[in-house]
Amino acid sequence: MTQPAFNRAFHRDNGTLFVEGVSAADLAAQYGTPLYVYSRSALTAAWHAYADACAGRRATVHVAVKANSNLAVLNVFAREGAGFDIVSGGELARVLAAGGKAENTVFSGVGKHPDEMRMALEAGVKCFNVESIPELDRLNAVAGELGKKAPVSLRVNPDVDAKTHPYISTGLKSNKFGVAFDEARATYRAAAAMPHLDVVGIDCHIGSQITEVAPYLDAIDKVLELVDQIESDGVHIHHIDVGGGLGIRYDDETPPDIGDFVRTVLDRIEAHGAKIGKTREVYFEPGRSLVGNAGILLTTVEFLKPGAEKNFAIVDAAMNDLARPAMYEAYHAIEPVTERADAAHTYDIVGPVCESGDWLGRERTLAIEAGDVLAIRSAGAYGFVMSSNYNTRPRAAEVLVDGTRAHVARERETVQQLFAGEHLLPD
Ligand SMILES: *Cc1c(COP(=O)(O)O)cnc(C)c1O
């Protein structure tokens, strides 16, 4: 089974796009564009796909905060009892502000600052996913100062090809992430000898937008082999964290159904445990597959600009609002919020930012006029969170739709806010 194209929360009625019970055109009119719109039911449906497949098994799901860190979105997951995966002290603050619990939060990331370690130890996070010996040393020292023991897992790099975009592939030897596979056993011995660390698990995260199960199983097999070696050295591994990275459908990809994916991974790990008479907890850290298809970006066509070689539709959203096309040449489906019967033409959909790389879609055939609102689909993950203020553009507003209600999850930034912390030279 593969994932459906988009969540049912986004549907058309008489040619008009709806987000649950609210028309996208009404949202654009009321809140302005560019506007990120999320669907609560789409978020909870993706959550349940993971949680239901984990039910009755020793498995927990940690929402990767970096994919979408809006407090209202995190709160939807916190209300479902989710755990979280963070990569900074700032993300920990967001989790706590959104009603998440530190004891259900794992702290990933390759360069944790001592202040972030301190904050996480004081809050009582569930585990630090550590990526190097210097980081172990630093964490051991910080925990010692606080008179605490830090729960740690080592992120190992299984050197498997996740077959995704090079910028979002993280499990190859050439990546900056994780402890090299060959050095992992010795690194575990070093960690186990540090007085202020408590070794509890092992983790890997091989990349993002992975559309096949095979690279996960390859990575898990290698990790399980390592677990056997580490345990033969007398260090017990309580949990195996398989990371995130499951892909979604942006266009014609065929990523596995979330439930099938979870069951396949758990079956593999449980089968290994059964052979040696051990059960271990399994952690998942999904980001994109929870939020990606639960959000859209609404944008208004400013001008149609016909050209000798190309026609351009210049819209009010840009690479600063949605960086993925400029950064990864990522594809997002784009469609008018209200369909027109007129003849369609082929356009490059571009923003107003002064960069040729500022495009959102290429060669899209659409029946549109200036003033029309377009929906950029699959924008819930790595959308708003990667937005910037380049060209002094205030960041977009975010709205969370719940049934027939629209809730402002983040107000549109103002230009005044953008330079409120800047200071002229004194006289
Ligand atoms: C980014 C990241 C995730 C989430 O990745 P997705 O592709 O969004 O599922 C999970 N774990 C770690 C360590 C990450 O860096």
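Visitor: How many Å separate the centres of domain 1 and domain 2?

Guide: First, the ground rules. This is a predicted model, where local features need pLDDT of at least 70, side-chain atom pairs count only at pLDDT 80 or more, and totals for chains, interfaces and linings use all residues. Residues are numbered from 1 along each chain as its sequence is written, and side-chain values use heavy atoms, with hydrogens and water left out. Domain bounds come from an automatic or database domain assignment. Here, taken over C-alpha atoms, the two centres lie 36 Å apart.

Visitor: Which residues make up domain 1 and domain 2?

Guide: Domain 1 is 6–39 + 292–418. Domain 2 is 108–286.

Visitor: How many disulfides does the structure hold?

Guide: A disulfide is a covalent bond between the sulfur atoms of two cysteines. The cut-off is a pair of cysteine sulfur atoms within 2.5 Å. This structure has zero. For cysteine 127, the nearest cysteine sulfur is that of cysteine 204, 13 Å away.

Visitor: Is cysteine 127 buried or exposed?

Guide: Buried means under 20% relative accessible area, exposed over 50%, partly exposed in between (1.4 Å probe, protein chains only). Cysteine 127 is buried, at 0%. Cysteine 204 is buried too, at 4%.

Visitor: Where is alanine 29 found?

Guide: Helices are DSSP runs (H or I, at least four residues), numbered from the N terminus. Alanine 29 is in helix 1, residues 24–31. Alanine 29 is exposed, at 68% relative accessibility. Its C-alpha is 21 Å from that of serine 378, 349 residues apart along the chain.

Note on methods. Helices (H or I, at least four residues) and strands (E, at least two) are DSSP runs, numbered from the N terminus.
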